[in-house]
Amino acid sequence: MKTTLNSLIDDITIWHYNRNLIKGSTDKDQFHKLVQECAELSDSMCKGKDIRDDIGDILVVLINIAERNGLTLKECAQVAYDDIKHRKGRMVDGVFVKEADWPTESRIDAIGQNGNDGLHYDKVSQTGVYD
């Protein structure tokens with residue numbers, strides 16, 4: 001029998017309730033746990049280790065935080081997607097930078113394409129899709 005994402009989320013939510021991690025914890029406590037799990041993911045990535053358990057642990061904590069606040073992962077993901085779906089930007093040193101956060105063109109002109117500000121500006125297409 002294949003397990004669906006929804007049934008896994010239900011099982012994890014029940015697991016939280018059975019261990020009093022919803023009413024017996026706080027958002028602050030769970031946020032600290034989330035940061036700890038993110039650090040473990042970072043460590044595994046840097047060491048080239050399998051990251052599936054780390055990502056799963058992060059999801060477990062996010063499910064807890066969502067449940068504590070009467071939210072679902074689906075609605076949180078939808079809100080995030082609605083926020084980013086039309087976003088334009090470019091890659092700067094491997095990080096997507098929103099168009100609204102770009103330095104002004106006069107600043108880029110003043111420092112040059114890869115100027116002395118320590119940033120590397122990759123090309124941006126007319127559609128805002130980065131290459």
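User: Which element gives the largest share of the lining of the largest pocket?
Analyst: That's H1, with five residues. Keep in mind that this is a predicted model.

User: Which other elements give two or more residues to that lining?
Analyst: Besides H1, H3 and H4 each put in two or more.

User: And which residues line the pocket?
Analyst: Leu5, Asn6, Ile9, Asp10 and Thr13 are in the lining, along with Ile63, Ala66, Glu67, Leu71, Thr72, Leu73 and Lys74.

User: How do they split by class?
Analyst: Six are nonpolar, three are polar and three are charged.

User: What volume does the pocket have?
Analyst: About 260 Å³.

User: OK, switching to H1 itself. Where does it run, and how many residues does it have?
Analyst: H1 covers residues 5-18, so to speak 14 residues in the helix. From first C-alpha to last it reaches 20 Å, close to the 20 Å expected at 1.5 Å a residue.

User: Which of its residues are buried?
Analyst: Ile9, Thr13 and His16. Looking down the helix axis, these buried residues sit within an arc of 55°, so they line one face of H1.

User: What do they pack against?
Analyst: Two helices: H3 (52-68) and H4 (73-84). Ile9 and Thr13 are buried residues of H1, and they also turn up in the lining of the largest pocket.

User: What about the backbone just after H1, which residue takes a positive phi there?
Analyst: Asn20 does, with phi at about 55°.

How values were computed: Residues are numbered from 1 along each chain as its sequence is written. This is a predicted model: local features need pLDDT of at least 70, side-chain atom pairs count only at pLDDT 80 or more; totals for chains, interfaces and linings use all residues. Side-chain values use heavy atoms; hydrogens and water are left out. Helices (H or I, at least four residues) and strands (E, at least two) are DSSP runs, numbered from the N terminus. The expected span of a helix is 1.5 Å times one less than its number of residues. Buried means under 20% relative accessible area, exposed over 50%, partly exposed in between (1.4 Å probe, protein chains only). The arc is that of the directions from the helix axis to the C-beta atoms. Contact means heavy atoms within 4.5 Å. On a 1 Å grid over the protein atoms alone, a cavity is a set of points where a 1.4 Å probe fits but cannot get out, and a pocket is an open set with protein on both sides within 12 Å along at least five of seven lines; lining residues have an atom within 4 Å of a point. Grid points are joined across faces, edges and corners, and a volume is the space filled by probe spheres set on the points. Ala, Val, Leu, Ile, Met, Phe, Trp, Tyr, Cys and Pro count as nonpolar, Asp, Glu, Lys and Arg as charged, and the others, Gly among them, as polar.
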